[in-house]
Amino acid sequence: MGRVKIVTDSTADIPKDLVKKYDITVVPLKVAIGNETFQDGVNLTTEAFYQKIESSEELPSTSQPTPYEFETVYRRIAENEADEVTILSIHLSSQLSGTMQSATLAAEEVKDAVHVDVVDSKRASYAIGIIVVEIAKLAQDGADVKACKERLNTLLEETKVYFLVNTLEYLQKNGRIGKASALFGTLLKVKPVLSLSEDGQVYPYFKARGRKKALAAIREAVNEQYGSKPVHIGICHANALESGEELLEKTTSSLQVESTTITEIGAVIGSHVGPESVAVTVMPAK
Amino acid sequence: MSEAVEGKKLASMFEQGAAILAKNVKTVDALNVFPVPDGDTGTNMNLTIQSGIKEVQSAADNHAGKVAKSFSKGLLMGARGNSGVILSQLFRGFAKAVEKKETLSVRDLEQALEEGVTTAYKAVMKPVEGTILTVAKDAAENDQSEHSSAAAWMSSVVKKAEASLEKTPELLPVLKEVGVVDSGGQGLVYIYHGMLEVLEGNISKEKAQSQPAPSLDDLVKVEHHQNAQSHISTEDIEFGYCTEVMVSFDEDKLKQHHFDETTFRNELAKFGDSLLVVSDEDLVKIHIHAEYPGDVLTTSQKYGSLVHVKIDNMREQHRALQQEEQTSASHEEQTSASHEEQHEAPAPNDEAQYGFVTVSMGEGIKALFKGLGANEVIAGGQTMNPSTEDIMNAIKKVNAEHIFVLPNNGNIVMAAEQAADVSDKHVEVIPTKSVPEGLSAMIAFHDQAGFEENKQAMQAARQEVKTGQVTYAVRDTSIDGMDIAKGDYMGIWDKDIVASGKNVEEVTTQLLENMVDETTEIVTLIRGENGQTSTDNVIVNYVEKNFEDVEVEVHEGGQPLYSYIIAVE
């Protein structure tokens, strides 16, 4: 079996220093704004992205990596390792993107060279990233694939994410709204708390008008779920650090927080949720 | 021993009670404490009792118990507004007590009245003294005296009711402040008066008419209102022509186009709806509502010759019908026999998990509710309280496992609860008392959540929004320490008048000054049918200037009478 190597995609929104520290390979998705196409997080910084979409009339569109791109990455990892490796490739919810599809095809292509276990995280943004980082740590410490996968499955079950989007326009236009679609008839400006369902679709966890009520609802949900258990917190924000900090303070202050990571929502997820969106992810620490 | 009251006499008592109330509808309306343009206690009670009388008359029984039962059933179905609902409960108890009695002795009547009071008190969750309930209770109080006749007994009932009515201002401070007696209680006194007249054989000159003058206006309004509900607007008719065609099969044509009824039906189905096809060896008859009748004719002609063609423009019919309804109150039968009605088969569709019935006035508000997923929006509210039956009819139209009813008006809550009780579906009333409460409750609904969870979330949400309303005074008054002249604007926060004046902008901003506090995030203005966008701007500017971090949203509600309905949350 040998060592475990971790691959994910750019929608995991993992801060660059953590990518490096835990030896995570990130495959970029692509973002098209107007006539230009960029590789998420490679030749387009999040800062540049949010500037661009502000000045562009059109909404950005995104596309998954090709199977070939995954294949290249998988082969390179296998070749660079002297010993036998297993790749755990953890990705954006298959309900939201074809990334899983590409990775799965690629894994099939390379199966003679390397074993790739492709996992649908059924999540998005740092709700993937926080778990990927945890598994990468385990792998670095020498855990085998069985141990990694066990931990992965537990974390996938027990990690919750809540998004506060500034407008539903982006989700709607990109068709990523899933079960939240019922909201669109409304003429009233409703800012729901969105979450991801067990099958990886976006759904409105809580609907109300007004941010205070939304924050209170998230706080209540995480308190009920995690109580006094130690947790890791991930805050991600689409060009809205202050808002992210407010989210952290207002929703998690009574939890037993072991660590907090604040990260930016990259161009791809940013294209789907829109600027000024924020999300909080809570993952059990033990 | 006095003569017992027979069924016919009891029916006359009810009729005369209704007649006296009908004669005094406007008086009762005028007693409504709040000088808002919806002082309609009298109207509501009158419509309620008329529904009872209708039922009594159509049953035409001489069995007293059965007469009372018919009356009670009619009241129950027709109940409008809180006073109407309480009235229906009073007679529900009454009917229950005399159910098996062919004639009624004084003792029977006494007990029936008492039973009515018990039933009504049970039906009201928080009975308020100084209202129709108190008057009914005091009137039914057994004074242990022997009455020589039913007339003598009823006379003492009326006296007790009047005495109780006089005391209502002592029990309900708001009545005292305004200087009136309770409107519902007054309505009941009128009814008892009418009943007494029959027992005394002293029927007042304006004898019971089946359609008392003051109520005709209201019945027109109600009929109009109901018709507006059951009929879509002219513009909404998708397929404009009722097309009937009879085709005689032609051998030669059949060789080219084999006739198969199912295939033919499918061919026609794309042209419209309400499709009916009947065929035998020689003929096929077709009925369809289509937008392009020519297509139907061309398709039919492939199989033979057209022997009969009839095409009606349904939009024109509908328009004419609507006009008739507006000018006449007695067109009910005609309406139900109208073309559309005959063909309006209820569409069988899959049962949804949740459905919503709500009540509001104004196309804009209706659109807001529809946008949030309301299945049925009953036109009603401030100016016209829908009856239990109206609400039941709306409930019937909703095909869902759980149905939430949002009455959006304090005076419709009881009728909604009564409808929920009578309905065999699973109906839950979320007692929303205003449009903002209704909207908040619907926003809190979550289609993935369970019934109980939703119920609680909606209940909680309705309590988290403050409701403001801006309307005008219908008469001079002094209330809540404020002198208000007829025609003045009033700013009402929940139940209290907190601002008044000649200028709508000033009153609205004053109202908002009271309502907005540091927890406020969003102010939603719902503009009435006569509102101006220039007024909106003044108010929006005021909020933006005076309250940092408060968002303002303006919607066109189209509601009558209320310049603004405001949600502060």
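User: Where does A:Thr281 sit?
Analyst: A:Thr281 is in strand β13 (residues 278-284) of chain A, where helices (H or I, at least four residues) and strands (E, at least two) are DSSP runs numbered from the N terminus. This is a predicted model, in which local features need pLDDT of at least 70, side-chain atom pairs count only at pLDDT 80 or more, and totals for chains, interfaces and linings use all residues. Residues are numbered from 1 along each chain as its sequence is written, chains are lettered from A and ligands numbered from 1 in the order in which they are written, and side-chain values use heavy atoms, with hydrogens and water left out.

User: Buried or exposed, that A:Thr281?
Analyst: A:Thr281 counts as buried, at 0% relative accessibility (buried is under 20% relative accessible area, exposed over 50%, partly exposed in between, with a 1.4 Å probe and protein chains only).

User: And what is A:Thr281 in contact with?
Analyst: Leaving aside neighbours within four places in sequence, the contacts of A:Thr281 (heavy atoms within 4.5 Å) include A:Tyr126, A:Ile130, A:Val161 and A:His232.

User: Switching to rings: what sort of pair do A:Tyr162 and A:Tyr205 form, once you've given the overall count?
Analyst: There are 19 aromatic pairs over all chains, taking rings of Phe, Tyr and Trp (its six-membered ring) as paired if their centres lie within 6.5 Å, with planes under 30 degrees apart stacked, over 60 edge-to-face and the rest tilted. A:Tyr162 and A:Tyr205 form an edge-to-face pair, at 5.1 Å centre to centre and with 65° between the planes. A:Tyr162 lies in strand β8 (residues 160-164) of chain A and A:Tyr205 in strand β10 (residues 202-206) of chain A, so the pair ties together parts 43 residues apart in sequence.

User: How accessible are A:Tyr162 and A:Tyr205?
Analyst: A:Tyr162 counts as buried at 5% relative accessibility, whereas A:Tyr205 is partly exposed, with a relative accessible area of 27%.

User: Now helices: how do α3 and α4 of chain A pack?
Analyst: Helix α3 (residues 67-80) of chain A and helix α4 (residues 99-109) of chain A pack at an angle of about 50° with their axes 8 Å apart, the axes being lines fitted to C-alpha atoms over the stretch in contact and angles running from 0 to 180 degrees between N-to-C directions. The contact is made by residues including A:Phe70 and A:Tyr74 of α3(A) and A:Ala103 and A:Ala106 of α4(A).

User: Last one, which residues are buried in α13 of chain B?
Analyst: In helix α13 (residues 261-269) of chain B, B:Phe264, B:Glu267 and B:Leu268 are buried, while B:Thr262 and B:Asn266 are exposed on the other side of α13(B).
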